Amino acid sequence: MNWFDSHCHFKGYFNKGILEEILFRAEENGVSRMTAIGTSSDDWETYKNLSEKNRAKIFYSVGLHPCYVNEDFEEEIEKIEPFLKSSHSPVALGEIGLDYFHLPKNQNEAEKNIKIQKIAFLQQLKIAAAYNLPTVIHSRNAFHDCLEIIEQSGLSWGKVLFHCFSEGVEEIKELNQRGGLASFTGIITFKKNEFLREALKFQGIDKLILETDSPYLAPEPKRGKENEPSYLPLVGEYIANYLNLPKLEIANRSSCNASKFYDIK
(Lines give C-alpha, C1' and ligand atoms only; values in the text may rest on other atoms or scores of the structure.)
Protein backbone atom coordinates (compact mmCIF):
# COMPACT_ATOMS: atom_id res chain seq x y z
CA MET A 1 0.00 0.00 0.00
CA ASN A 2 1.48 3.33 -1.10
CA TRP A 3 0.45 6.75 0.19
CA PHE A 4 1.34 10.23 -1.09
CA ASP A 5 1.61 12.97 1.54
CA SER A 6 0.84 15.86 -0.76
CA HIS A 7 1.80 18.59 1.72
CA CYS A 8 4.32 18.47 4.57
CA HIS A 9 7.00 20.67 6.11
CA PHE A 10 10.43 19.19 6.89
CA LYS A 11 12.49 22.20 8.01
CA GLY A 12 11.77 21.72 11.70
CA TYR A 13 12.78 18.05 11.58
CA PHE A 14 15.89 19.00 9.58
CA ASN A 15 16.90 21.63 12.15
CA LYS A 16 16.40 19.15 15.01
CA GLY A 17 18.48 16.50 13.25
CA ILE A 18 15.62 13.96 13.21
CA LEU A 19 14.62 14.10 9.55
CA GLU A 20 16.08 10.67 8.76
CA GLU A 21 13.95 9.14 11.54
CA ILE A 22 10.86 10.87 10.14
CA LEU A 23 11.54 9.61 6.62
CA PHE A 24 12.24 6.08 7.89
CA ARG A 25 8.92 5.94 9.75
CA ALA A 26 7.12 7.28 6.67
CA GLU A 27 8.57 4.49 4.54
CA GLU A 28 7.75 1.89 7.19
CA ASN A 29 4.11 3.03 7.06
CA GLY A 30 3.80 2.97 3.29
CA VAL A 31 4.18 6.70 2.63
CA SER A 32 6.25 6.44 -0.51
CA ARG A 33 5.88 9.97 -1.88
CA MET A 34 5.91 13.36 -0.16
CA THR A 35 5.91 16.98 -1.26
CA ALA A 36 7.95 19.32 0.94
CA ILE A 37 6.10 22.62 0.75
CA GLY A 38 8.05 25.85 0.73
CA THR A 39 7.03 28.82 2.84
CA SER A 40 9.94 31.26 2.37
CA SER A 41 13.47 31.38 1.00
CA ASP A 42 14.63 29.99 4.37
CA ASP A 43 13.47 26.51 3.35
CA TRP A 44 13.48 26.42 -0.47
CA GLU A 45 17.14 25.43 -0.87
CA THR A 46 16.87 22.83 1.90
CA TYR A 47 13.90 21.23 0.16
CA LYS A 48 15.53 21.36 -3.25
CA ASN A 49 18.62 19.55 -1.92
CA LEU A 50 16.48 17.00 -0.09
CA SER A 51 14.48 16.34 -3.24
CA GLU A 52 17.62 15.95 -5.35
CA LYS A 53 18.86 13.25 -2.96
CA ASN A 54 15.47 11.48 -2.93
CA ARG A 55 14.18 12.04 -6.46
CA ALA A 56 11.65 9.19 -6.49
CA LYS A 57 10.24 9.95 -3.04
CA ILE A 58 10.45 13.63 -2.17
CA PHE A 59 9.30 16.52 -4.33
CA TYR A 60 9.29 20.20 -3.41
CA SER A 61 7.61 23.52 -3.96
CA VAL A 62 8.65 27.15 -3.54
CA GLY A 63 6.42 30.00 -2.46
CA LEU A 64 6.04 32.82 0.03
CA HIS A 65 3.47 31.92 2.69
CA PRO A 66 1.16 34.82 3.59
CA CYS A 67 2.31 34.77 7.21
CA TYR A 68 5.85 35.55 5.97
CA VAL A 69 4.79 38.43 3.76
CA ASN A 70 6.27 41.70 5.01
CA GLU A 71 7.40 44.95 3.43
CA ASP A 72 10.38 43.16 1.83
CA PHE A 73 8.15 40.60 0.10
CA GLU A 74 9.17 41.65 -3.41
CA GLU A 75 12.79 40.68 -2.69
CA GLU A 76 11.58 37.23 -1.65
CA ILE A 77 9.40 36.81 -4.72
CA GLU A 78 12.33 37.71 -6.98
CA LYS A 79 14.12 34.61 -5.64
CA ILE A 80 11.41 32.24 -6.92
CA GLU A 81 12.12 32.18 -10.65
CA PRO A 82 15.74 30.94 -10.38
CA PHE A 83 14.33 27.78 -8.79
CA LEU A 84 11.80 27.40 -11.59
CA LYS A 85 14.63 27.62 -14.14
CA SER A 86 16.99 25.25 -12.30
CA SER A 87 17.89 21.73 -13.45
CA HIS A 88 15.89 20.31 -10.54
CA SER A 89 12.83 22.52 -10.49
CA PRO A 90 9.91 22.41 -8.04
CA VAL A 91 6.71 20.54 -8.85
CA ALA A 92 4.54 23.45 -7.66
CA LEU A 93 4.41 27.04 -6.54
CA GLY A 94 3.22 27.39 -2.99
CA GLU A 95 2.09 27.59 -0.45
CA ILE A 96 0.79 31.04 -1.23
CA GLY A 97 -2.44 32.80 -0.38
CA LEU A 98 -4.15 34.87 2.28
CA ASP A 99 -4.30 34.47 6.04
CA TYR A 100 -6.68 36.74 7.98
CA PHE A 101 -6.40 34.69 11.17
CA HIS A 102 -2.81 35.67 12.07
CA LEU A 103 -3.19 39.42 11.65
CA PRO A 104 -1.82 42.22 13.87
CA LYS A 105 -4.26 43.29 16.56
CA ASN A 106 -3.96 46.93 15.56
CA GLN A 107 -6.59 47.59 12.88
CA ASN A 108 -4.44 49.89 10.76
CA GLU A 109 -1.58 47.42 10.80
CA ALA A 110 -3.97 44.58 9.99
CA GLU A 111 -5.37 46.46 6.97
CA LYS A 112 -1.85 47.22 5.76
CA ASN A 113 -0.88 43.56 6.14
CA ILE A 114 -3.93 42.39 4.19
CA LYS A 115 -3.06 44.81 1.40
CA ILE A 116 0.48 43.52 0.95
CA GLN A 117 -0.68 39.90 1.30
CA LYS A 118 -3.02 40.44 -1.63
CA ILE A 119 -0.29 42.03 -3.75
CA ALA A 120 2.19 39.23 -2.95
CA PHE A 121 -0.46 36.59 -3.67
CA LEU A 122 -1.34 38.05 -7.06
CA GLN A 123 2.30 38.46 -8.07
CA GLN A 124 3.04 34.82 -7.28
CA LEU A 125 -0.10 33.61 -9.03
CA LYS A 126 1.02 35.42 -12.16
CA ILE A 127 4.37 33.62 -11.99
CA ALA A 128 2.50 30.32 -11.63
CA ALA A 129 0.34 31.22 -14.63
CA ALA A 130 3.39 32.13 -16.73
CA TYR A 131 4.99 28.75 -15.98
CA ASN A 132 1.68 26.84 -15.96
CA LEU A 133 2.57 25.48 -12.53
CA PRO A 134 0.42 23.57 -10.05
CA THR A 135 -0.25 26.01 -7.22
CA VAL A 136 -0.87 25.25 -3.56
CA ILE A 137 -3.18 27.74 -1.86
CA HIS A 138 -3.22 28.71 1.81
CA SER A 139 -6.58 30.23 2.72
CA ARG A 140 -7.50 31.04 6.30
CA ASN A 141 -10.60 33.13 6.92
CA ALA A 142 -10.12 34.47 3.39
CA PHE A 143 -11.77 31.98 1.04
CA HIS A 144 -13.71 34.34 -1.22
CA ASP A 145 -10.89 36.88 -1.43
CA CYS A 146 -8.63 34.02 -2.55
CA LEU A 147 -11.11 33.02 -5.24
CA GLU A 148 -11.36 36.60 -6.49
CA ILE A 149 -7.58 37.08 -6.76
CA ILE A 150 -7.07 33.72 -8.48
CA GLU A 151 -9.70 34.78 -11.02
CA GLN A 152 -7.70 37.97 -11.70
CA SER A 153 -4.39 36.14 -12.13
CA GLY A 154 -4.99 34.19 -15.31
CA LEU A 155 -3.94 30.92 -13.66
CA SER A 156 -5.88 27.89 -14.88
CA TRP A 157 -8.22 26.58 -12.18
CA GLY A 158 -7.06 23.08 -13.02
CA LYS A 159 -3.72 24.07 -11.46
CA VAL A 160 -5.27 25.18 -8.14
CA LEU A 161 -5.24 23.15 -4.92
CA PHE A 162 -6.63 24.60 -1.68
CA HIS A 163 -4.60 22.77 0.94
CA CYS A 164 -5.87 21.87 4.41
CA PHE A 165 -9.41 22.59 3.29
CA SER A 166 -11.41 23.85 6.26
CA GLU A 167 -14.60 25.14 4.66
CA GLY A 168 -17.98 23.54 4.02
CA VAL A 169 -20.01 22.15 1.15
CA GLU A 170 -20.96 25.51 -0.36
CA GLU A 171 -17.33 26.59 -0.57
CA ILE A 172 -16.04 23.34 -2.05
CA LYS A 173 -18.88 23.52 -4.55
CA GLU A 174 -17.68 26.98 -5.64
CA LEU A 175 -14.12 25.71 -5.88
CA ASN A 176 -14.95 22.52 -7.79
CA GLN A 177 -17.26 24.33 -10.22
CA ARG A 178 -14.32 26.52 -11.23
CA GLY A 179 -12.14 23.44 -11.69
CA GLY A 180 -10.09 23.75 -8.50
CA LEU A 181 -9.41 21.03 -5.94
CA ALA A 182 -9.17 20.71 -2.17
CA SER A 183 -6.90 18.48 -0.10
CA PHE A 184 -7.70 17.18 3.37
CA THR A 185 -5.67 16.80 6.56
CA GLY A 186 -6.07 15.05 9.90
CA ILE A 187 -8.64 17.60 11.00
CA ILE A 188 -11.13 15.51 9.01
CA THR A 189 -10.91 13.01 11.91
CA PHE A 190 -11.95 15.53 14.58
CA LYS A 191 -15.40 14.81 15.98
CA LYS A 192 -16.79 18.33 15.52
CA ASN A 193 -15.82 18.55 11.84
CA GLU A 194 -18.79 16.85 10.19
CA PHE A 195 -19.04 19.83 7.81
CA LEU A 196 -15.58 18.90 6.50
CA ARG A 197 -16.54 15.29 5.98
CA GLU A 198 -19.58 16.48 4.03
CA ALA A 199 -17.28 18.66 1.90
CA LEU A 200 -15.03 15.67 1.24
CA LYS A 201 -18.03 13.60 0.15
CA PHE A 202 -19.17 16.40 -2.16
CA GLN A 203 -15.80 16.62 -3.92
CA GLY A 204 -15.82 12.85 -4.20
CA ILE A 205 -13.43 9.96 -4.08
CA ASP A 206 -12.38 10.53 -7.70
CA LYS A 207 -10.73 13.84 -6.69
CA LEU A 208 -9.49 12.87 -3.24
CA ILE A 209 -6.09 14.29 -2.22
CA LEU A 210 -4.63 13.80 1.25
CA GLU A 211 -1.92 15.54 3.25
CA THR A 212 -0.59 15.72 6.78
CA ASP A 213 0.53 19.38 6.83
CA SER A 214 3.03 17.98 9.31
CA PRO A 215 4.33 18.88 11.80
CA TYR A 216 0.87 20.41 12.40
CA LEU A 217 -2.63 18.96 12.77
CA ALA A 218 -2.01 15.38 13.87
CA PRO A 219 -5.10 13.19 13.34
CA GLU A 220 -6.94 11.18 15.93
CA PRO A 221 -5.68 9.21 17.85
CA LYS A 222 -2.41 11.22 17.70
CA ARG A 223 -4.10 14.57 18.19
CA GLY A 224 -2.00 16.93 20.29
CA LYS A 225 1.28 15.33 19.25
CA GLU A 226 3.69 16.58 16.62
CA ASN A 227 2.44 15.35 13.28
CA GLU A 228 4.54 13.50 10.67
CA PRO A 229 4.01 11.84 7.28
CA SER A 230 3.85 8.37 8.83
CA TYR A 231 0.46 9.37 10.28
CA LEU A 232 -1.11 9.83 6.83
CA PRO A 233 -2.48 6.23 6.78
CA LEU A 234 -4.46 7.09 9.93
CA VAL A 235 -6.24 9.81 7.96
CA GLY A 236 -6.81 7.42 5.08
CA GLU A 237 -8.12 4.68 7.34
CA TYR A 238 -10.57 7.08 8.96
CA ILE A 239 -11.88 8.19 5.56
CA ALA A 240 -12.12 4.58 4.37
CA ASN A 241 -14.28 3.72 7.38
CA TYR A 242 -16.37 6.87 6.98
CA LEU A 243 -17.05 6.19 3.29
CA ASN A 244 -17.27 2.42 3.76
CA LEU A 245 -14.54 1.83 1.19
CA PRO A 246 -11.40 -0.35 1.27
CA LYS A 247 -8.34 1.39 2.70
CA LEU A 248 -6.36 0.29 -0.37
CA GLU A 249 -8.76 2.20 -2.62
CA ILE A 250 -8.31 5.36 -0.57
CA ALA A 251 -4.52 4.98 -0.75
CA ASN A 252 -4.49 4.35 -4.48
CA ARG A 253 -6.94 7.05 -5.50
CA SER A 254 -5.49 9.78 -3.28
CA SER A 255 -1.94 8.93 -4.38
CA CYS A 256 -2.84 8.89 -8.06
CA ASN A 257 -4.69 12.19 -7.74
CA ALA A 258 -1.76 13.88 -5.96
CA SER A 259 0.66 12.59 -8.59
CA LYS A 260 -1.64 13.84 -11.34
CA PHE A 261 -1.99 17.27 -9.76
CA TYR A 262 1.79 17.67 -9.40
CA ASP A 263 2.31 16.14 -12.86
CA ILE A 264 4.55 13.41 -11.47
CA LYS A 265 4.79 10.33 -13.63
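Is Glu 71 buried or exposed? Glu 71 is exposed, with a relative accessible area of 58%, where exposed means over 50%, buried under 20%, and partly exposed in between (1.4 Å probe, protein chains only). The structure is a predicted model, in which local features need pLDDT of at least 70, side-chain atom pairs count only at pLDDT 80 or more, and totals for chains, interfaces and linings use all residues. Residues are numbered from 1 along each chain as its sequence is written, and side-chain values use heavy atoms, with hydrogens and water left out.

With a salt bridge taken as a side-chain nitrogen of Lys or Arg within 4 Å of a carboxyl oxygen of Asp or Glu, the count comes to 15. One of them joins the side chains of Lys 112 and Glu 71, at 2.5 Å from N to O. Lys 112 belongs to helix H6 and Glu 71 to the loop between strand E3 (58-62) and H4, so this pair ties together parts that are 41 residues apart in sequence; helices (H or I, at least four residues) and strands (E, at least two) are DSSP runs, numbered from the N terminus. Lys 112 is partly exposed, at 48% relative accessibility.

A further salt bridge pairs Asp 206 with Arg 253, whose closest N and O atoms are 2.2 Å apart. This pair links distant parts of the chain, with Asp 206 in the loop between helix H9 (194-203) and helix H10 (232-243) and Arg 253 in helix H11 (residues 247-261), 47 residues apart. Asp 206 is exposed at 56%, whereas Arg 253 is partly exposed at 30%.

A disulfide is a covalent bond between the sulfur atoms of two cysteines. With the pair of sulfur atoms required to be within 2.5 Å, the count comes to zero disulfides. The sulfur of Cys 8 is 13 Å from the closest cysteine sulfur, in Cys 164, and therefore too far for a bond. For Cys 164, the closest cysteine sulfur is in Cys 67, at 12 Å, again too far for a bond. Cys 8 is buried at 0% relative accessible area, and Cys 164 is buried at 15%.
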